[in-house]
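Please look at the sequence and the model first.

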Amino acid sequence: MAVGRLKVNPTRMELKRLKGRLKTATRGHKLLKDKSDEMIRRFVEYAKENKRLRAEVEEELAAALQSFVLAKAVSDEATIQEALAMPSKSVELELSTTNVMSVLVPKIEIKESNSRESYPYAFSEVTAQLDSSIMTMSGLLEKLIRLAEVEKTCNMLAVEIEKNRRRVNALEYVMIPQIEETIKFITMKLEENERGNIVRLMKVKSMLADKQ
Amino acid sequence: MYNKIAMIGDRDIILAFKAIGMDTYEATDAEQVSSLLKKLSKECAIIYITEDLAQECESVLERYKTKSYPAIIPLPSSKGSTGYGMEGIKKDVERAIGADILFNKED
């Protein structure tokens, strides 16, 4: 792939500067590549967990919701509305972030508050089907939150890995070849000058010798 | 404050989520969802949304992907899963690794 060289003057100073840049670029490339490898390893772990959790949650939630809808159909709308209008517990979350390969991913924990009882209504008002669906839902809450945490982590890692790969590729296929080519160009140019100089000196010397 | 859980969905199922302590919001189309999200992203850590709604406003959800909060998670509705959530994981894997290595084992 022809990448072209940088537009610089072929001087010794420029050569020294470019050699320094090449060193930094190569080192940076190696570091970023290692980072990418490790991020992918972590990502695969999270993605697997994400897949497993989502499969579980989807299955259980669909069942719970189905029984909920059925329960709703049996009793009349107003009763259900009334029964569930004031939830007996409110979920509170304890939030923080963890650092996964310098990506700040969320960490969510449940700080369940004032859970006096799981049913916000009296048993006489509604059917047993509603009870069971609400019970499954409560059981699912923890999984749902874990799913949110893992899925978000996956999303963020995926974006970061993509960005990082672009950086690695830019270094590997553009920056480093460009600098190498420019270094080659400058070295050749300097050698060429050197040769020209030697020839000139030899010529002068022979002219002086002829004169004497 | 960032410590609430919200659920956006249709009337039928949000009640079930309300019963276990989430804040629930009713929405039926993409426009409602995006204005809700704008409001909720300031106060909620997790926003669950039904798969069919998520599918309708994908471009809006994309915007929230890179921030750590809120996490917007599609969930199946009472009709069962449409596979949209799994599709999301698949997309992430493809994005990160370039090829899908988690899912193609099964099919």
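Leaving aside residues up to four places away in sequence, B:L40 touches B:A6 and B:I47. In this predicted model, B:L40 is placed in helix α2 of chain B, which covers residues 30–40. Is B:L40 buried, exposed or partly exposed? B:L40 counts as partly exposed because it has 18 C-beta neighbours inside 10 Å, whereas a buried residue needs 20 or more. B:L40 and B:Y25 stand 15 residues apart in sequence, and their C-alpha atoms are 9.9 Å apart in space.

Helix α2(B) lies across β1, β2 and β3 of chain B. Relative to β3(B), this helix runs at about 165°.

The strands of chain B form an open sheet of four, ordered β2-β1-β3-β4, with parallel pairing. At its edges are β2 (23–26) and β4 of chain B, each of which pairs on one side only. On average, and with direction ignored, neighbouring strands of the sheet are turned by 20° against each other. Strand β1 of chain B, residues 4–9, runs parallel to β2(B) and is joined to β2(B) by four bridges. Within β2(B), B:E26 is the bridge partner of B:G9. In general, the strands of a sheet pair through backbone hydrogen bonds, in either a parallel or an antiparallel manner.

Chain B as a whole contains five helices and four strands. Read from the N terminus, its elements follow the pattern β-α-β-α-β-α-α-β-α. Chain B has 107 residues, of which 41% count as buried. Among its contacts between residues at least 6 apart in sequence, 56% join residues at least 24 apart.

Chain B also touches chain A, and this contact takes 35 residues from chain B and 47 residues from chain A. On the chain B side, α1 (11–19), β3 (44–50), β4 (71–75) and α5 (84–97) each supply at least two residues. Helix α5(B) gives the most to this side, with eight residues. The classes of the chain B residues that touch chain A are listed below.

| Class on the side of chain B that touches chain A | Number |
|---|---|
| Nonpolar | 21 residues |
| Polar | nine residues |

Confidence in chain A remains to be described. The average pLDDT of chain A is 83, and 86% of its residues score at least 70. Where in chain A is confidence lowest, and where is it highest? Helix α2 of chain A (residues 77–84) has the lowest confidence, at a mean of 70, while helix α3 of chain A (residues 128–211) has the highest, at 89.

Note on methods:
Residues are numbered from 1 along each chain as its sequence is written. Chains are lettered from A and ligands numbered from 1 in the order in which they are written. This is a predicted model: local features need pLDDT of at least 70, side-chain atom pairs count only at pLDDT 80 or more; totals for chains, interfaces and linings use all residues. pLDDT is the predictor's confidence in each residue, from 0 to 100. A residue is buried if 20 or more other C-beta atoms lie within 10 Å of its own, exposed if 12 or fewer, and partly exposed in between; C-beta atoms are placed from the backbone. Two residues are in contact if their C-beta atoms, placed from the backbone, lie within 7 Å. Ala, Val, Leu, Ile, Met, Phe, Trp, Tyr, Cys and Pro count as nonpolar, Asp, Glu, Lys and Arg as charged, and the others, Gly among them, as polar. Two strands pair if DSSP finds at least two bridges between them. Axes are lines fitted to C-alpha atoms, for helices over the stretch in contact, and angles run from 0 to 180 degrees between N-to-C directions.
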